[in-house]
Amino acid sequence: MSLKERIKKLAQERGISLPALESELGFGNSTIVKWDKSTPNADKLNAVAKYFGVSMDYLLNGTDEDGLTEKDEKDIAKDVDRIMEKLSSGEAGPASYDGEELDPEAAELFRDELEIALRRLKLINKEKYTPKKYKK
């Protein structure tokens with residue numbers, strides 16, 4: 001995904017068009033569109049990053065502050081959904097404690113903790129199994 005595509009996606013999530021974003025940030029018309037073919041000014045890139053609450057590294061490379069890529073995030077979300085579906089359907093054993101089924105609030109807390117654990121595991125595995133020649 002390119003820089004422009006990432007910004008466009010973030011803008012769509014906020015319900016704002018690229019021209020409206022450019023206007024709000026005080027950029028000229030089509031400034032962001034031109035970033036496909038040119039390198040943006042660091043100040044403008046920083047303004048976009050601050051506006052959306054993301055890092056400049058995320059805008060440029062698609063990597064979060066914690067080192068996870070968009071693909072990693074999607075993989076984690078799929079894994080969490082799959083595990084929660086199995087638990088709630090009883091496929092891998094019913095989610096219960098002392099014979100009582102997990103209530104929705106406890107299930108949501110479990111989901112959050114599971115996501116945190118999978119994020120940490122993904123980072124550990126990336127560090128452990130990435131060949132040295134690919135490490136920065």
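With a relative accessible area of 28%, D79 is partly exposed, a class lying between buried (under 20% relative accessible area) and exposed (over 50%), as judged with a 1.4 Å probe on protein chains only. The model is a predicted one, in which local features need pLDDT of at least 70 and side-chain atom pairs count only at pLDDT 80 or more, while totals for chains, interfaces and linings use all residues. Residues are numbered from 1 along each chain as its sequence is written, and side-chain values use heavy atoms, with hydrogens and water left out.

Side chains of opposite charge can pair when their charged atoms come close. D79 forms a salt bridge with R82 (3.4 Å, N to O), the term being used for a side-chain nitrogen of Lys or Arg within 4 Å of a carboxyl oxygen of Asp or Glu. Both residues sit in helix α5, three residues apart, about one turn of the helix; helices are DSSP runs of H or I with at least four residues, numbered from the N terminus. R82 is also partly exposed, at 41% relative accessibility.

The count of salt bridges comes to seven. Among them, D36 meets K4 at 3.3 Å, N to O. This pair links distant parts of the chain, 32 residues apart: D36 lies in the loop between α2 (18–25) and α3 (42–52), and K4 in helix α1 (residues 3–14). D36 is partly exposed at 40% relative accessibility.

Another salt bridge joins R119 and E73 (2.6 Å, N to O). Here too distant parts of the chain are linked, with R119 in helix α6 (residues 104–129) and E73 in helix α5 (residues 70–89), 46 residues apart. E73 is partly exposed, its relative accessible area being 24%.

Key
Helices (H or I, at least four residues) and strands (E, at least two) are DSSP runs, numbered from the N terminus.
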